[in-house]
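Please look through the sequence and the structure shown here, with attention to the aromatic rings.

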Amino acid sequence: MKTQTRCVVIGGGIAGCSTLYHLTQEGWTDVVLVERDELTSGTTWHSAAQVTNFGMNQTMVGLKSHSIALYKKLRDDPEYPVGYHHGDGGIRLANTEEQMQAYRHFASMARGMGVQFEVIDAEECARRHPLLSTDNLLGGLWDGEDGDIDPAQLCQALAFHARKAGAEVYRNTAVTGLTQHTDDGWTVHTENGDIDCEVVVNACGYRVNEVGAMMGVHHPVASMEHQYFVTEDIPAIAEAGHRMPLLRCPISDYYSRQEKGGLLVGFYEQACRTWGLDGISPDFSNDLCPDDLDRVMDVLEGAFARMPALTEVGIKRVVNGPITYTIDGAPLVGAIPGKRNAFCIIGLRAGLGEGGGHGWLLAQQIVHGEACYDTWMLDPRRFTGHANVELTALKAIEDYQNEFRFHFPHEHRPAGRPAKTTPLTPILAAEGAEFTVVNGWERVDYIKPDPDFHPSLSFNFDEAFDVIAAEVRNVQENVGLCEVNGFNRFEITGADRHAFLDRMFCGNVTRRDGRVGLGYLLNHHGMVKGEATVANLPASDRGPARVWYGSAAASEFHDMDWLQQHLRADEDVQIRSLTNDQTILVLAGPKSRDVLTACSRGNWSKDAFPWLSVKECFIGFAPATVMGVSFSGELAYEIHVPNNQLYAAYLALRKAGAEHGLKLFGARAVESMRMEKGFLHWKADLITEYDPFETGLNRFVKLDKGDFIGKEALLKRQAEGPRKKLVSLELDATSAPAHGGASLMRDDTVIGTVTSGDWGHRVGKNIAYAFVDPDMADEGTAMKLDMCGQLADATVIGPCPYDPDYTRIRG
């Protein structure tokens, strides 16, 4: 066995084998996989192994398309062929118009990735799947690429080709420990000896946290027992003359696919069960849980009603084995938070179908530092300190119970709430707040007009439309107050803090005390990595001279890792997180200065405290740090308050605002207002697939400054010209907003993709942002938007339809 290699992948299921194979494809051939038993001895061996092209966003569709292309290539390889039933087709059923509307959106989204889905009616569903009853059925989504694959053959083939390229695979080699060294390299301790390596990958399936514990981390992954059975032969299948399409049924929580002359039928029962939370026997390998068909009887009855042929056939075998889930159901593929040269590819509940693509994206991240797609929706750093075992289990159960039920816009499911709160959460709830969730934080979405107000779930504008409009109107005419909790806040101190930040940002970084600036961080490929405000605070009794670095609430672990990784040993820079210690109260509207003046000593005039200023003060008697910044487009102040003084500051602001018409507003009003101002949202409009010039951030780039991360790559990209450009669009539609991923068309050709959309209540326009072909980016250019199957006129407009001269922000 080798004693030194470039990368060690731990785990021999689909995740590990795919990662090993793709590392060799990306040019790393001195790589090793270690497996405690035999390949596929965990979850992989008993997988139902369905391979669909369906995904909830374009990244998922892209990685699944890669899986399908790879599996077809392996199927046709004469040297080591794989059993793969490709192109049987698959149907996702629906019995409500809202589900059908969502399927039309997913079809629009997939079209932008070169994938064609069909939305079909109930009769067409039955024609394509002759075992299907159309009772209580409206239709479904057809995926012509759907199929299933032999799991063991797939993993062995990936390992075979990785070995051919130079990789090595060590079976029956249990990992006993992990040691990281001062140069960030690792030693992987195994029963058969130690291996020194640069990079380690946790691909350990349901044993993920056994290996996680060896490096001092816990991963938010929990296992669920999952049952399916295989029937005896069904005569109607033989009579059909073609293989049965796959079926996924959100109505009755089951799926089916053809297995030889019968069906494999799997269940997502409501009385589901977690597995292994208190430890897993070391002897559990190539093993199953005891059968328990009693707990799936309610689901089975639904399956019988949908496919009556099941009532006339026997069961050949029952499989009950563990599958892994994360808090939000999506896998964790990428860098492990807080660790150097450590990655994971875990929580793959649909591992066989997606594993080819997941390994591909992870290998790109390891070798190149970034993947071809923005992978935030897979990033392990999207969860932070709240992601413990108990919360993960609650969300895993909820996801399992809703396996085929996608999330609607503004749908926030109840399990595991509230995970993160502030002293104001119960106060705002008593005020009628409806809450959304941001990185576990309970944040006000809007204020309900009455306790029984519950908007319907759909892709249209919902019943909260007028509520949001009223909140926006009060901010525009008077003054509003909004709690923004969980906003990422780092305190950066040390003599070299400004030089360090200047190297991190692609534009100039303000160094003046009392001033605030906005800037962008790039990755080494010159693409947009992050967005942050930088506020310079002079020394005071609250601390030394320091910089406050502020960014999106979800970016806490992401940004800390990025900044820490680029600190030089000879730099005097310290970074401390205040994210969980401070909360922002946003005061916005033309009367906000009056409110601030009424509750805080000092001169808050336009001349004394202009836009983009920062200073320490008191709100009432609560210590606060106030910044003159605005995400709403109105005169506004961010008031940063320690959590133990938050309620006091809130009461002072409410009292001062009473005579000025102060009312609460929430995140949905903020979303509407930022769309009208051309303000971009991290990981919606700001993604690693595009550079700052393509994203319209030219004014934030200073190529004539000193070196900064990504500069060399950005200069090269600038010379090559843009592939896409971010534009603002006005839509000729009043019933629904544009949703992320929707395709923009010109003469039946996809020319762009929506990143975000909402109604602009102050300008009376349906606004969307989208990346489009460069020749379609000029103002006035017309195109069509596929809005849930309906083509709407879309026209490119200026990037700031509301107050383009910024007179209202400047007060």
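A residue is called buried at under 20% relative accessible area, exposed at over 50% and partly exposed in between, with a 1.4 Å probe and protein chains only. The model is predicted, so local features need pLDDT of at least 70 and side-chain atom pairs count only at pLDDT 80 or more, while totals for chains, interfaces and linings use all residues. Residues are numbered from 1 along each chain as its sequence is written, and side-chain values use heavy atoms, with hydrogens and water left out.

Rings of Phe, Tyr and Trp (its six-membered ring) pair if their centres lie within 6.5 Å, and the planes count as stacked under 30 degrees apart, as edge-to-face over 60 and as tilted for the rest. There are 33 aromatic pairs in the structure. In one of them, Trp-360 and Tyr-373 have ring centres 5.7 Å apart and planes at 85°, which makes the pair edge-to-face. Trp-360 is buried at a relative accessible area of 15%, and Tyr-373, at 18% relative accessibility, is buried too.

Trp-611 and Tyr-806 form a tilted pair, with 5.8 Å from centre to centre and 50° between the planes. Trp-611 is partly exposed at 24% relative accessibility, whereas Tyr-806 is buried at 16%.

A charge sits over a ring if NZ of Lys or CZ of Arg is within 6 Å of the ring centre and within 35 degrees of the ring normal. Arg-128 lies over the face of Trp-142 at 4.7 Å from the ring centre, and the charged end of Lys-615 is placed over the ring of Trp-604, 4.1 Å from its centre.
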